[in-house]
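I set out here what I looked up in this structure, entry by entry.

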Amino acid sequence: MRNLFWGTLFILFGVFLLLDNLGYADLSEILHNYWPVLLILWGGFMLLRRRGNTAAPPAPDASSPPPASAPPPPDQQFPPPPTSSGTYTGPALMGELIHQSQIFGDITSRITSQNFKGGSISSIFGDSHIDLSGAVFADGTHELKVHSVFGNSTILLPKDAAISVSATSVFGDLNVFGERKSGFSSEIRTSTEAYASQSRRLHISLTKVFGDTRIG
């Protein structure tokens, strides 16, 4: 029953993410308006699971061999911690666009492109750490989409950059440029003072279900 719940959640999130990438829907608006559906699904699966557990388990077959123990999990790669200056270590990404997705595991990206044009970062289970402090935005207005189901997100920004943020979180804290909101269905929409007058601008659209967010 647990696999059924997670499978349904993955399918729904994948469909919404695809529609968002194709421009047919806005994932942040969907979660902001319909996040109670997640609670309904979760509660329904918990009731079904409890009802199924009331049935008596089958008697063990003495002739069957004992189940083999599961192999130990492979070594996991953890993201490097930030340095004393607040930036993240690791290989730098020089491309103009970034497109990264992860189902299990953290995403750590240090972007140093001098003509950055945004992109998308999506994660299901894991934190996302995006270091833009060494990047320079390309001429025009560009968008970086960050979507996450379970995990925290940190986005480090270049000093005095022209940036606007639309951040939505169903369960978790939002901290954007020092403005904080927490609780159910939190939302922050803000921009830097020089955003309207600058020619190189980046809009960050972040959608999160469970987890905390810090942008600044």
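**Salt bridges**

I began with D139, which counts as exposed at 52% relative accessibility. For this scale, I took buried as under 20% relative accessible area, exposed as over 50% and partly exposed as in between, with a 1.4 Å probe and protein chains only. I worked on a predicted model, in which local features need pLDDT of at least 70 and side-chain atom pairs count only at pLDDT 80 or more, while totals for chains, interfaces and linings use all residues. Residues are numbered from 1 along each chain as its sequence is written, and side-chain values use heavy atoms, with hydrogens and water left out.

I then asked which residue meets the side chain of D139 in a salt bridge. The partner is R200, at 3.3 Å from N to O. A salt bridge here is a side-chain nitrogen of Lys or Arg within 4 Å of a carboxyl oxygen of Asp or Glu. R200 lies in strand β12 and D139 in the loop between β5 (128–131) and β6, so the pair ties together parts that are 61 residues apart in sequence. R200 itself is partly exposed, at 35% relative accessibility.

I found three salt bridges in the structure. Another one joins E96 and K117, whose closest N and O atoms are 3.4 Å apart. This pair links distant parts of the chain, 21 residues apart: E96 is in the loop between β1 (92–93) and β2 (98–104), and K117 is in the loop between β3 and β4 (118–125). E96 is partly exposed at 36%, and K117 is partly exposed at 33%. I also noted E187 and R189, whose side chains meet at 2.5 Å, N to O; E187 is partly exposed, with a relative accessible area of 21%.

**The chain as a whole**

I recorded three helices and 13 strands. Helices (H or I, at least four residues) and strands (E, at least two) are DSSP runs, numbered from the N terminus. Of the 216 residues, 38% count as buried. I noted that residues 24 or more positions apart account for 57% of the contacts with a separation of 6 or more, a contact meaning heavy atoms within 4.5 Å.

**Nonpolar cores**

Which residues touch the most other members of the largest nonpolar core? Among its 24 residues, they are L132, I155, I204 and I215. Such a core is a set of buried Ala, Val, Leu, Ile, Met, Phe, Trp, Tyr and Cys residues joined through side-chain atoms within 4.5 Å. The elements giving two or more residues to this core are β3 (107–111), β6 (140–150), β8 (162–171), β9 (174–176) and β12 (200–210). I listed a second, separate core of six residues, including I124, F150, V170 and V209. Leaving aside residues up to four places away in sequence, I204 touches L144, I155, L157, I163, S164, V165, S166 and I215.

**A serine in a loop**

Is S113 buried or exposed? I found S113 in the loop between β3 and β4, and at 2% relative accessibility this residue counts as buried. A polar atom of the S113 side chain lies 3.1 Å from the backbone nitrogen of N115, and the S113 side chain reaches the backbone nitrogen of F116 at 3.5 Å. Beyond residues up to four places away in sequence, S113 touches L93, M94, G95, E96, G134, A135 and V136. E96, one of these, is the residue that forms a salt bridge with K117.

How values were computed: Polar contact = N/O pair within 3.5 Å; in protein donor to acceptor, adjacent residues only side chain to side chain.
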